[in-house]
Amino acid sequence: MSEDPNIIAFCCHYCAFTAADLAGTMRQQYPVNVRIVRLPCTGRAEINMVLQAFVDGADGVLVAGCEPGSCHFIQGNLRAVKRVGQTKKLLIEAGIDPERVEMRHIAASQGPLFAQVSREFTEKIRQLNEEKRMAPTVAVAQGETT
Amino acid sequence: MIVAERKPFDEIFANAGKHHKVLLLGCGTCVTVCMAGGQKETGVLASQLRLASREKGVDLEVTEHTITRQCDAEFFDDTTSRLVEESDAVISMGCGVGVQFCSDRYPNKTVYPALNTEFFGATLEQGVWTERCAGCGQCIVDKFGGICPVARCSKSLLNGPCGGSADGRCEINPDVDCAWQKIYDHMETLGRVDELEEIQPLKDWSHNRDGGPRTVRKEDVRL
Ligand code: SF4
């Protein structure tokens, strides 16, 4: 099995972060390579925060917020859905598989779901890494410095 | 404000890839408001360029920096000049004015535009901007209920509407409001609809770009 991928999870304080905490309390196992960044709301997740995570070496980014209709800030999670959609387009332009970023809705009470999503996402990213490792590298001709 | 949109990524990346070190220069005025070339958008493009160069094996170092305005010499401070000098080329996230101003200022550097400059417009709602002024050099909107027929009528008719106006929409595209319907409606609200009977004479277009590139001089404030 290939190396554990680096996963950054931007989690909303009011739901997914609490769910992650609950997952721990419930002794649920989830991959240690998922690093959580707590946000006040997924509406705080700027597009460039996600891109920056990739620049800094993340293999996958999970944005986890409240279920539609239950955002503490009314619609921060819906804004996050849109931004994740836009981030996918920007990643495609940069030649990166858009599947490497994902938006999930996890309520505060869903500790086991957080653990499950973390496992599934880690597995998916591990597979993408594997496919990429097997694929031939693309070289682009570069002009001279002027 | 000036409204612009980012160019397709491939076009920007192709230009960036001709060099090894580029400065991505954002602008903090109009293009920040229309969310095309401000600090945030500069950050996004910088990240994309870094990711794409890593992914495609291109040796490219990207520095990002945003100044208050790219159309005013005073904002090109020492830090900006140093960053420009340390780079092989500049990718300007300013409007066309900013790109040229930057290019004039640093004649030994190629300055690429990252945006397509579209029009003088207003914010209709967050994320939606629309054309309102054509910069014709001789404003006449008062005669048309505050609605510019030059910028907002597809045919710039001063004696409209044309025969294509239907249900308040322009014949060029049903998504576009007929400016002349709006002019008529607003003049009615103002109780001035009878003024529209008056035939507007030919407009003097020499104040427009037809008279060549324009310069405004305000002698009392010149140094
Ligand atoms: S339909 Fe209205 S806006 Fe369109 S060209 Fe005719 S007068 Fe102008």
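Visitor: Which residues does B:E5 contact, leaving aside its neighbours within four places in sequence?

Guide: In this predicted model, B:E5 touches B:A36, B:L115, B:N116 and B:E118 once those sequence neighbours are set aside. Contact here requires heavy atoms within 4.5 Å, so these four partners meet that cut-off. B:E5 itself belongs to strand β1 of chain B.

Visitor: What makes β1(B) and β6(B) a pair?

Guide: Pairing asks for at least two bridges. Strand β1(B) and strand β6 (residues 115–125) of chain B have 5 bridges, in the antiparallel sense, and therefore count as a pair. In one of these positions, B:V3 stands opposite B:F119 of β6(B).

Visitor: Which strands make up the sheet that holds β1 and β6 of chain B, and in what order?

Guide: The order is β1-β6-β7 in chain B, an open sheet of 3 strands with antiparallel pairing. Strands β1 (2–6) and β7 (128–133) of chain B are its edges, because each has a single partner strand and one side of each is left without a neighbour in the sheet. From one strand to the next the twist averages 70 degrees.

Visitor: What is the order of strands in the sheet of 4 strands in chain B, and is the pairing parallel or antiparallel?

Guide: That open sheet runs β3-β2-β4-β5 in chain B, and its pairing is parallel. Strands β3 (61–67) and β5 (110–113) of chain B are edge strands, because each has a single partner and so one side of each lacks a neighbour in the sheet. The average twist from strand to strand is 25 degrees.

Visitor: How do you know that β2(B) and β4(B) pair?

Guide: Strand β2 (residues 21–27) and strand β4 (residues 89–92) of chain B share 4 bridges in the parallel sense, against a requirement of at least two. They therefore qualify. For B:L25, the bridge partner in β4(B) is B:S92.

Visitor: Which strands does helix α3 of chain B touch?

Guide: Helix α3 (residues 39–56) of chain B packs on the sheet and touches β2, β3 and β4 of chain B, its direction making about 175 degrees with that of β3(B). Helix α4 (residues 78–85) of chain B also lies across β2, β3 and β4 of chain B, at about 155 degrees to β3(B).

Visitor: Where is B:C170 placed relative to β9(B)?

Guide: B:C170 stands opposite B:N173 in β9(B). Strands β8(B) and β9(B) pair antiparallel over 2 bridges and form a hairpin with 2 residues between them.

Methods. Residues numbered from 1 in each chain as written. Chains lettered and ligands numbered in written order. Predicted model: local features only at pLDDT ≥ 70, side-chain atom pairs only at ≥ 80, totals over all residues. Heavy atoms only, no water. Axes fitted to C-alpha atoms, helices over the stretch in contact; angles between N-to-C directions.
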